[in-house]
Amino acid sequence: MFWRFGFNNSALEGLLDKADVTLEEVLEEEDIIQEAKSLNPKLIEFLSKPDKVKALLNYITATDLEEPQRFKYPFLASELIACEIQQIIDLIVIEQKDELLVPFWSYLDRPAQPRRRASDTTVQPEAGLDSLQASYFCKTIGVLLSKYPVEMMSFIQSNPENLNKILAHLQTSAIMDLLLTLVRMEELREGKGIVKWLSEHGLLENLIDRLDPYLDSEEHSIAQQCICEIIRMSQTSLPESPSIGLNDLIINLKSEATMRKLAKYMLDPEAPNATSTLVNGVSIIIDIIRHNNADLENDPAVTGLYGYSSNPALRPAPVSLADMLKVMSDHVPEFTHLLLKPRSVDGPIRTTLGEIEPLGFERLKICELFAELLHCSNMSNLNNFNVSADNQEGQPKEQDSNKMVKLEGGEEMSVGDYLKSKFVSSKAMPICVDLFFAFPWNNFLHYVIYDMLHQIFNGRMDVGLNRQLAISLLKDGQLTDKIVIAQKANDEECAKPKGMRAGYMGHLTFISDEIMKLFEGYPETIVFAIKDDVDMESWTAYCSNELKETKDRDQLPLGGLRPTEEMDIPQSDEEDNEDTIDGIAASQYSRFLAQRGSEGNFDEDEEDEHDQWITGRDDFNGEYQYSRNSIRLNAEEDDDDEEGGDEEDNEEYDSNDEEDHITHDWTRNYSKLSQPNVLRRIPSHTVNDREEYDEDFDHLADAEELERRAAFRRDKGNEEDDDDFGDFESANNEQSFETITNHMETLDMNKTQNDEHLVRAVKTKEEEEEQHLKQKQQDLHFVADEQEGEI
């Protein structure tokens with residue numbers, strides 16, 4: 001692996017240097033796959049020999065290997081070929097095809113498992129291909145197809161029996177993937193024509209025959225999976241998605257002959273596995289309709305999501321499903337009969353809700369079929385209306401060839417209206433409505449029925465037979481009366497102590513909305529036609545009361561409205577106290593904003609810089625400097641702008657009922673002695689200035705402290721006539737230093753002074769507790785720091 005870098009010390013390198021080394025010894029090395037992916041020249045030269053390549057292919061298909069090598073050697077052989085070493089691929093496909101590829105392909109000649117019929121009860125001997133070994137075989141063929149598609153296609157198409165060999169082993173999932181890989185080769189330029197070859201050699205006929213109701217249900221599932229995958233690969237609904245386009249397989253599948261054969265299988269009354277055929281056959285028809293929707297460009301959601309081209313010249317020709325729709329329309333009465341008497345339901349079964357009759361997968365699939373057929377019947381290319389002028393020219397004749405259906409009287413009807421006429425005559429929609437109310441807990445059925453009703457009530461009522469279909473639902477199905485009865489029954493059940501709401505009530509509200517829109521949009525066309533057969537008074541009362549209440553309740557936010565101050569909600573004492581606190585904090589904040597606005601320095605950008613506005617303190621953003629004799633606060637902002645505030649407001653901002661969480665202001669009433677060589681006062685201030693300086697921190701003091709300061713100022717004013725301190729000025733000269741030194745000499749730091757003439761910066765614990773108790777007694781509405789910060 002490290003031969004590129006000069007590290008040729010691996011065990012494989014030394015092994016390949018031997019003259020008599022065998023392939024088995026090389027395969028036993030752990031790093032052989034890594035060396036092959038790194039294109040080790042010695043290993044490639046060794047593996048590219050014809051005898052070694054033949055041995056690798058034999059390991060993939062061998063059945064006589066011993067137990068240790070039974071799983072290891074086939075895996076390693078397929079992985080080595082999957083490394084796409086060009087010399088090995090050339091040797092298999094081109095240079096020695098007859099000696100290597102032909103024997104390897106003969107792996108498909110092994111006996112296949114016979115088709116098992118439903119009546120067979122005997123145990124079949126194990127036959128067919130090993131699934132793991134078949135996966136290695138198909139992986140190798142896939143690598144060869146990707147490297148040499150033209151040569152491999154020519155090899156497979158050279159013998160018509162090659163397709164039969166693949167179809168014989170279709171029970172093996174890997175062989176099914178190989179068949180679908182061949183179909184997908186149609187997307188490549190080198191693989192064009194493979195789908196036509198598959199169609200000419202009976203691929204579709206073979207798959208349809210597997211849906212025989214007398215065969216085992218596993219055969220039905222295999223055929224359905226293959227056909228549905230081919231339909232998805234051939235989709236024409238989304239031109240931007242990968243697709244092989246309309247091809248011979250799809251044309252044959254939607255033809256009248258194929259559809260009649262499939263319908264015969266699905267509706268066989270005596271076949272033991274007819275239900276399995278019906279379920280898988282309906283899945284095929286649904287996929288055909290969904291992946292060949294001619295009107296998908298009219299859907300704005302799909303157009304915006306997938307970038308559907310609005311240019312008709314760039315859009316592929318729509319696939320006409322008229323033959324398929326006509327055949328299914330002819331069999332609508334038989335499908336409707338199965339809704340009333342299903343073949344797969346033998347009787348009631350025990351459930352957690354008691355003994356109930358199950359809906360059955362058969363009836364659910366028939367309802368899904370009816371819903372998809374309605375979608376198909378509303379396509380513009382299957383009706384006489386809503387055909388744009390852009391589609392009139394340049395489109396294949398297939399689009400309009402079988403759009404019209406001749407009736408017995410010689411009249412012609414579009415195939416879309418022909419299906420709706422069959423629905424009306426067989427009363428298929430009213431029967432589906434009965435199933436809706438008969439199975440209140442099957443939400444799969446409720447969604448399908450709502451889809452059908454939504455299409456009918458939102459269709460055009462001026463042309464076609466959609467109006468008759470809507471009237472049939474309201475008159476024959478008595479839809480409005482059943483909705484009113486179901487609502488009353490649900491209300492009575494919910495009123496019981498352990499009553500449960502019916503499972504269809506949500507869809508029932510949606511259906512009622514659709515009926516209201518229908519009545520409002522077509523009062524004369526619809527309402528006038530059914531007024532004699534429908535109890536309009538009860539319906540109007542239901543819409544005005546129960547439906548309106550339900551819609552109003554559904555529009556409310558989940559969990560109810562958000563509580564506000566205007567809502568009269570009973571509150572506990574604790575909640576009342578919190579509301580009072582919130583009101584005080586809001587009042588403080590509004591006064592703070594008013595103060596800042598009056599000063600003219602209010603800025604929203606400064607909100608983060610003043611997180612402590614609720615306490616009225618402006619020193620939290622300052623930087624404290626410590627010295628031996630004083631402590632000084634260097635504020636980040638000019639204090640002169642802050643001194644103009646109202647003293648009363650400042651005291652209110654300082655309110656707090658938990659002073660233990662606030663750092664006490666130890667900066668107040670310390671000696672105003674400047675440090676040498678730092679700052680000094682010049683005697684330029686008057687007494688008024690001195691008083692202004694002394695009140696710098698008054699807004700931080702409580703009531704008792706303010707009284708002490710006032711007494712201190714009065715005593716000091718009597719003793720001193722002038723103040724030696726003034727404005728701050730730099731003092732870096734010798735004279736300044738001398739003045740400060742002389743002043744310090746007169747100060748005796750060890751002299752004991754009377755405490756009554758000083759105001760302590762720090763209170764004792766007893767004083768703090770006493771002050772704290774007084775504050776609580778005076779005002780119970782002070783707010784803690786955490787609560788104020790949150791507000």
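Not counting residues up to four places away in sequence, His220 touches Arg210, Leu211, Asp212, Pro213, Leu215, Asn273, Ser276, Thr277 and Asn280. The model is a predicted one, and in it His220 is found in helix H15, which covers residues 217-233. His220 counts as buried because its relative accessibility is 0%, under the 20% limit for that class.

## Ile250 in H16

Helix H16 (residues 248-253) holds Ile250, which at 5% relative accessibility counts as buried. Once neighbours within four places in sequence are left aside, Ile250 is in contact with Ile230, Ile231 and Ser234. Ile250 and Leu204 are 46 residues apart in sequence, and their C-alpha atoms are 9.0 Å apart in space.

## The packing of H5 on H7

Helix H5 (residues 50-61) packs with helix H7 (residues 86-95) at an angle of about 80 degrees, the two axes being 11 Å apart. An angle from 65 to 115 degrees counts as roughly perpendicular, and H5 is therefore roughly perpendicular to H7. On the H5 side Pro50, Val53 and Leu57 take part, and they meet Ile88, Leu91 and Ile92 in H7. The residues of this contact divide into six nonpolar, no polar and no charged.

## Aromatic pairs and a cluster

In the whole structure, a search finds 13 aromatic pairs. One of them joins Tyr59 and Tyr73, whose ring centres are 5.0 Å apart and whose planes stand at 55 degrees, so the pair is tilted. Tyr59 belongs to helix H5 and Tyr73 to helix H6 (residues 67-82), so that the pair links distant parts of the chain, 14 residues apart. Tyr59 and Tyr73 are both buried.

Phe437 and Tyr504 form an edge-to-face pair, with 5.6 Å from centre to centre and 75 degrees between the planes. Because Phe437 lies in helix H24 (residues 428-438) and Tyr504 in the loop between helix H27 (479-495) and helix H28 (505-521), the pair ties together parts that are 67 residues apart in sequence. Phe437 is buried, with a relative accessible area of 18%, and Tyr504 is buried as well, with 9%. Elsewhere, Phe104, Trp105, Tyr107, Phe137 and Phe155 form one aromatic cluster.

## Helix H23 and the residue after it

The twelve residues of helix H23 (residues 415-426) should span 16 Å at 1.5 Å a residue, and this agrees with the 17 Å between its end C-alpha atoms. Buried residues in H23 are Val415, Gly416, Asp417, Tyr418, Leu419, Lys420, Phe423 and Ser426. Just after H23, Lys427 takes a positive phi of about 55 degrees.

Key: Residues are numbered from 1 along each chain as its sequence is written. This is a predicted model: local features need pLDDT of at least 70, side-chain atom pairs count only at pLDDT 80 or more; totals for chains, interfaces and linings use all residues. Side-chain values use heavy atoms; hydrogens and water are left out. Helices (H or I, at least four residues) and strands (E, at least two) are DSSP runs, numbered from the N terminus. Buried means under 20% relative accessible area, exposed over 50%, partly exposed in between (1.4 Å probe, protein chains only). Contact means heavy atoms within 4.5 Å. The expected span of a helix is 1.5 Å times one less than its number of residues. Axes are lines fitted to C-alpha atoms, for helices over the stretch in contact, and angles run from 0 to 180 degrees between N-to-C directions. Angles under 35 degrees count as roughly parallel, over 145 as roughly antiparallel, 65 to 115 as roughly perpendicular and the rest as oblique. Ala, Val, Leu, Ile, Met, Phe, Trp, Tyr, Cys and Pro count as nonpolar, Asp, Glu, Lys and Arg as charged, and the others, Gly among them, as polar. Rings of Phe, Tyr and Trp (its six-membered ring) pair if their centres lie within 6.5 Å; planes under 30 degrees apart count as stacked, over 60 as edge-to-face and the rest as tilted.
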